[in-house]
Amino acid sequence: MSQQMPYAPVPPPPLPPYQQPPKNGMGTAGLVCGIIALILAVTVIFSVFGGVLGVLAVIFGIIGISKAKAGEATNKGAAVTGVVLGAIAVVAAAAITIVSVFVVNKLGDDIAKDLDRLEKESGTSAPLDPGTEETAEEAGAEGEAADGKPFTIDDMAEWEDGVTVSIDKIAKFTPSDVSAGHEKGNDAYKVTVVVENTTGKNYKLANLMVDATAGKNGTPGSQVFDFDSDLELNAGTVAPGKKATLVYGFSVEAGAKTIDLSVTPDFMSDPVVWELKTP
């Protein structure tokens, strides 16, 4: 009998060399920062933050490119994109910041010039005493006549800028169910205001401010908005030499004997106060 010779064991195949995972963190961070930086840079409010993120995107992207060249990372494209977006964000943020500062300074200068011009045109913007040619210094303070009394329904107020206001009438009314501003238990009154533009340019009625107080304590009244009661809104423009009639509604303390109506043609002018007897 023949005997089988034992086979020598086959050696195992060699293990593959150990490979470290790619270090793509910097390239990815550069790409993300670049995208966010570009979005923020094109906005006026957050352009500065976009510039800061853009700088970080460039730094992270350059580090990512270096790692890719050294074989430690595999996302060279993402790193390059982050550098490009970051650089664009930095340039855009700088440009927008410079333009914004210039525009704000220009607007500030224009507003200052307009305020100086209005102040020169209107002087102290005080109303003239009704029926006289008195200057603002000769007229009473806070819209009072020279005798220190408030204007009455027969008086007409003229401001130095050429706007004239008079009160045509006051009447009691009942606000409709769809009105706004009327408080239950109060009395409601319509006040007809006539505005005449004697200036050489258009006057915007939106600049007119009308307020009412009533009662012994001067309780402020609230303006009533009610289209069913023929109340007019101070909208539109009055051409030079023309008039406009506005009907205001006010909800005031019940039983008030008089209503003090304060009228101001614009925020630069002093108010005129009429003392109106309630019907």
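Let me start with D187, which at 14% relative accessibility counts as buried, because the limit for that class is under 20%. Please keep in mind throughout that what we are looking at is a predicted model. The side chain of D187 meets that of K172 in a salt bridge, with 3.7 Å from N to O. D187 sits in strand 4 and K172 in strand 3, so this pair ties together parts of the chain that are 15 residues apart in sequence.

The structure holds 2 salt bridges, and the other partners to look at are K67 and E72, whose closest N and O atoms are 3.5 Å apart. Here K67 has a relative accessibility of 23% and therefore counts as partly exposed, and E72, with a relative accessible area of 34%, is partly exposed as well.

Now to the aromatic residues, where the structure holds 3 pairs. In one of them, the rings of F151 and W274 have their centres 5.7 Å apart and their planes at 90°, so the arrangement is edge-to-face. Since F151 belongs to the loop between strand 1 (127-128) and strand 2, while W274 belongs to strand 12, this pair ties together parts that are 123 residues apart in sequence. F151 counts as buried at 1% relative accessibility, and W274 likewise counts as buried, at 0%. Another pair is formed by Y248 and F250, with ring centres 6.3 Å apart and planes at 15°, so in this case the rings are stacked. Both Y248 and F250 are buried.

Where does S229 lie? Its place is in the loop between strand 8 (222-224) and strand 9 (237-238). Is S229 buried or exposed? With a relative accessible area of 8%, S229 is buried. Leaving aside its neighbours within four places in sequence, S229 is in contact with F173, T174, P175, S176 and K190.

Let me finish with the surface, and with the helices. A nonpolar patch there is formed by M26, V48, V52, V55, L56, I59, I63 and V90, which together have about 580 Å² of accessible area. Which helix gives the most to the nonpolar patch? That is helix 2, residues 47-69, with 6 residues. I59, which is one of the patch members, has its place in helix 2 and is partly exposed, with a relative accessible area of 41%. I59 and A29 are 30 residues apart in sequence, and in space their C-alpha atoms are 9.7 Å apart. V90, also named in the patch, has its place in helix 3, residues 76-122, and at 31% relative accessibility V90 counts as partly exposed. That value of 31% can be set beside the requirement for patch membership, which is over 30% relative accessible area.

Technical notes: Residues numbered from 1 in each chain as written. Predicted model: local features only at pLDDT ≥ 70, side-chain atom pairs only at ≥ 80, totals over all residues. Heavy atoms only, no water. Patch = residues over 30% accessible without salt bridge, like charges linked within 9 Å, V, L, I, M, F, W, Y side chains within 5 Å. Areas by Shrake-Rupley, 256 points an atom, 1.4 Å probe, with all protein chains shown as cover. Salt bridge = Lys/Arg side-chain N within 4 Å of Asp/Glu carboxyl O. Helix = DSSP H or I, 4+ residues; strand = E, 2+ residues; numbered from the N terminus. Buried < 20%, exposed > 50% of the residue type's maximum accessible area, 1.4 Å probe, protein only. Contact = heavy atoms within 4.5 Å. Phe/Tyr/Trp six-rings, centres within 6.5 Å; stacked < 30°, edge-to-face > 60°.
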